[in-house]
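Here is a short briefing on one structure. Keep the sequence and the 3D view open while reading.

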Amino acid sequence: MLRRLKELQQRYLRKAVSDLYSFVYPPTCVGCDGPSYFDWVEQVRSSSHPISPVDHEIRVRENWCQYCLAQIRAPLKQRCAVCGAIVPIHAAHKGRCHLCLFSDFHFTQAICINNYGGLLQALVIKMKGQRCESTAIQLGELLGYEIERLDFVDDVDVLTCVPTHWRKKIQKGFQASELLCRSASRISAIPCSTKILTADRATQKQGMLSDFKRFENVNNAFSVTPFYQEKIVGKHIVVIDDVMTSGATTSQCAKALRTAGAARVDVAVVARGAKSR
Ligand SMILES: [Zn+2]
Ligand SMILES: [Zn+2]
């Protein structure tokens, strides 16, 4: 009884401290550093346009202002059925973008928050360039909501991420895809294992290469770690990464997983690179 009372006391104390903190330091928008939550509540009350429950949840939990959220999150329509790129209807052919008409990926479907550009591009650059963990977490959580929108979300067994070679890991000390994966898992409530895949050799930076060289650069560069070899057989896996441009890296990850016996592999990335469209 006394323990229960102590627990309740602590919980209320924590809430009071957190409320006081929010009052003194009101949360600001991740995208623009402008006012977010309090401003938003007022706008919701006075708005003539109803906001979807999902968008509202993102707003409240992730502290995006409505302008940034509208900019960053693309509608589900007008997406390439294979790579997830946002494609104008007139530019799509059989629901596919230009790249996917000719590509043969090892994954079934890819999704993204939006095309690489504007605010999303600025945030990705901040995440990678400044090794900004908080931005990686926020983008990962947005990606988690994106995964939740999928028709087949209930069939997904596990999330994993594109691996980094151990030498690069030591040099950088920061792996964006791991943080993205963990955050997406927290939101979508799908378990994650960031160590399923391993990079067998160091590859060159994909951004410096042509599309053809990109495929050559990562060809057979990844494999499933021995610990997970049996565990992934028959599983539906989603591979997480920051940006997908040619699709070469994520496709090779999917190839390694499928070869090891995964039943289906999909891909979820923060942004779909513009170069390939
Ligand atoms: Zn904003
Ligand atoms: Zn496509």
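Cys-161 stands opposite Ile-240 in β5. This is a predicted model, in which local features need pLDDT of at least 70, side-chain atom pairs count only at pLDDT 80 or more, and totals for chains, interfaces and linings use all residues. Residues are numbered from 1 along each chain as its sequence is written, while chains are lettered from A and ligands numbered from 1 in the order in which they are written.

**The sheet**

- Four strands make up an open sheet, ordered β1-β6-β5-β2, with parallel pairing.
- β1 (110-115) and β2 (158-161) are the edge strands, each pairing on one side only.
- Neighbouring strands of the sheet are turned by 20° against each other on average, direction ignored.
- Strands (E, at least two residues) and helices (H or I, at least four) are DSSP runs, numbered from the N terminus.
- Two strands pair if DSSP finds at least two bridges between them.

**Strand pairs**

- Four bridges link β2 with β5 (residues 236-244) in the parallel sense.
- β5 and β6 also run parallel, with eight bridges. Here His-236 has Arg-264 of β6 as its bridge partner.
- β1 is joined to β6 by five bridges, again in parallel. Asn-115 is the bridge partner of Arg-272 in β6.

- Helix α7 (residues 133-148) lies across β1, β5 and β6 (264-272). Its direction is at about 130° to β6.
- Helix α11 (residues 248-259) packs on the sheet and touches β1, β5 and β6. The direction of α11 makes about 160° with that of β5.
- Axes are lines fitted to C-alpha atoms, for helices over the stretch in contact; angles run from 0 to 180 degrees between N-to-C directions.
- Residues are in contact if their C-beta atoms, placed from the backbone, lie within 7 Å.

**The α6/α7 pair**

- The axes of α6 (residues 118-129) and α7 come within 8 Å and cross at roughly 135°.
- The two helices are therefore oblique to each other, the class left after under 35 degrees (roughly parallel), over 145 (roughly antiparallel) and 65 to 115 (roughly perpendicular).
- Leu-123, Lys-126 and Met-127 of α6 meet Thr-135, Ala-136 and Leu-139 of α7 in the contact.

Conventions: Two residues are in contact if their C-beta atoms, placed from the backbone, lie within 7 Å.
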